[in-house]
Every structure is written in C-alpha cells, then in structure tokens.
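Subject: Structure handover

Hello,

Here is the structure you will be working with. Please look through it first, then read the notes below.

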Amino acid sequence: MIKRGFAHLGVFFLFLISLLPLPLLFFFARLLYYLLYYIIGYRKKVVRQNLILSFPEKASSEIIQIEKNFFHFLSDLIFEIIKMSTISKKETLRRVKFSGLEQLETHFAAGGSILACTGHYGNWELGTLALGLSISAKTMVIYKPLTNKIFESWFDKMRTKYGNIFIAMRQTLRGIAAYKNEPTLLCFASDQAPSREDTRYFLDFLQQPTAALLGVEKIAKSTNRPIYYFKVTVVKRGYYHVEVLPMCLNPSEMKEYEITNLHFKFLENIIKEQPEYWLWSHKRWKFKPELPQ
C-alpha cells in the first residue's frame, strides 16, 4: 500500500515537471547528467564495457567521449519523455520530421498493412507519438510492459493519447488479428535482448555474438507484409528527423534469418554514424551462445 502511494506521488510529480517548457527541462537535464555520470555512476560500467567491446578499434579517449556524450543524451531523453505527458500535437510534429511517408501511404491506399522496424535510438518514444499523427493508418506498437502497474498506466496514457495502440509483446498475434481488416503500421524496436528461454538465434552485431528477437521475421514471413526501416537522426537537441527506408518488400522470398540479419545491419550502420544516441545502458549482451559439447 505504501509503495503504491509513493508510485502515485511519483506519477503526479512527473506530471508537474512535464508542465515546464523543454528549454527549462534541458537545464535540469544538464544537472541530471552530472548526477548520473559523476556522482551516482548509473550503469557506467555497463556502458563502458558495451562501448569497449563494440568499438575495439577506438582509443580509450574516444570511448570515454562517446560515453560522456551518451550520458548527456540520456539525461535529455529522460526529460523529453517526461515532457511527452503534456506535449501538444503541434509541438510534437515540430520536433519530429519525417521523410518517405508517401511510400507507406501507397500501401495504405491499396488496403495493405506494413511492418516498421527501428531500434532504441534517439527518442524512439517521441518518434512513435509523432508517427501516429503523421500517417492515415493505425499505428500499433509492440512493447514490453513495465512491472510497476502504476507507472505502466502513466506510460500507456502518454503513449496512446494521440491514438496509437500499444500491444504487449506476448499479445502480438492477438493484436494483429483484431485489426486484420484495416490498414495498420505495426512497429517493432527489435534490438531488445530476448529472455533466456526465448533465445533461439545469435548473429554478429557490433562485433559481438548477439541474441536476437525473431518477432519481425516471423510475422513478416507469415503475412508477407513489407518491412520499412525507420532511420532516426538527431538534428539538434530535442529535434529529430526520421527517414523511412524500404528494407524488405517481399518477406516471403527471404531465407531464414535473412530479415533478422538485415534489420540488425541497418541499426549497426546507424549506430556507427552517431554512437552516442543508442541505449548503451541496456544490458544487451547478457547471453552468449552455448558452446557445443
């Protein structure tokens, strides 16, 4: 009961913070950076290890600079996500611009549905919010629910306030079936680490054996829905550009694991361009391939 009370209080506090303008929130983000990086050291060892293993060719000074840049962005990202609770439609669309959406509209006009693939790069939350305001079809997002139900409810209201539909990962097929008779855009951020029991396939990603979720590939092959990759670029602080790129237009013709390899290669190339905007604090490489007996 006490934990629930603190959770409700926390949500109310976040709502109050969201009422402040973003320029002021970015001032607090700078303070948060010093707190996370220099005082708390939040997942600093995880970030450093991930960067060292992903970029063995880089000098330690380069690794540390990327690390600091990442924590600067992470601090901004936290306040940008909080701001989403009260951000207007106009402000959302001012901060996230798209190119290539006309490709999607061609499919929607013909009654077709599409799969969208991206990663936890840039502000994927704000990008998804803007996407729902920018296309004619329903935007459906596959996500992993939080364990705290009160914060989960707060996130859900924020994410769906402009009409987006969020579907828990394990309810994906049911969600697809519910909207099978109308055009939809089904979105996946497929760079999360699968659970041990769901680990079926490893690929080479950022120079490491990486367990991969196979949801995009399975659904693409069973439905033959075309897949587009959403490439996020950070234009400047708080502003993003999303380029819609055709990734696989005929999934049924692809070999096993070819789609999975392809979307990880798209993401890897994006990360190499501007590495500080990927979620390095995630414990991405928890599992390793089992050696043959």
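Start at Leu-185, which is in contact (heavy atoms within 4.5 Å) with Leu-104, Phe-108, Ile-114, Leu-115, Ala-116, Leu-131, Ile-135, Lys-138, Thr-139, Met-140 and Phe-230, leaving aside neighbours within four places in sequence.

A word on the source. This is a predicted model, in which local features need pLDDT of at least 70 and side-chain atom pairs count only at pLDDT 80 or more, while totals for chains, interfaces and linings use all residues. Residues are numbered from 1 along each chain as its sequence is written, and side-chain values use heavy atoms, with hydrogens and water left out.

Leu-185 also belongs to the largest nonpolar core, which has 91 residues. A nonpolar core is a set of buried Ala, Val, Leu, Ile, Met, Phe, Trp, Tyr and Cys residues joined through side-chain atoms within 4.5 Å. Buried means under 20% relative accessible area, exposed over 50%, and partly exposed in between, with a 1.4 Å probe and protein chains only. Leu-104, Leu-185, Phe-230 and Trp-280 touch the most other members of this core. Its largest share, ten residues, comes from helix 4 (residues 60–83). Helices (H or I, at least four residues) and strands (E, at least two) are DSSP runs, numbered from the N terminus. In soluble globular proteins, nonpolar side chains tend to be buried together.

Next, Ile-259, which sits in helix 11 (residues 258–273). Ile-259 counts as buried because its relative accessible area is 0%. Not counting residues up to four places away in sequence, Ile-259 touches Val-216, Glu-217, Ala-220, Lys-221, Ile-227, Met-247, Cys-248, Pro-251 and Met-254. Between Ile-259 and Leu-214 there are 9.0 Å from C-alpha to C-alpha, although they are 45 residues apart in sequence.

How many disulfides does the structure hold? The count is zero, where a disulfide is a pair of cysteine sulfur atoms within 2.5 Å. For Cys-117, the nearest cysteine sulfur is that of Cys-187, 9.8 Å away. For Cys-248, the nearest is that of Cys-117, at 11 Å. Cys-117 is buried, with a relative accessible area of 0%, and Cys-248 is buried at 4%.

Last, Asn-164 lies in the loop between helix 8 (149–160) and strand 4 (165–168). Is Asn-164 buried or exposed? Asn-164 is buried, because its relative accessibility is 4%. A polar atom of the Asn-164 side chain lies 2.8 Å from the backbone oxygen of Thr-128.

Regards

Note on methods
A polar contact is a pair of N or O atoms within 3.5 Å; within protein, one must be able to donate a hydrogen and the other to accept it, and residues adjacent in sequence count only if both atoms are side-chain atoms.
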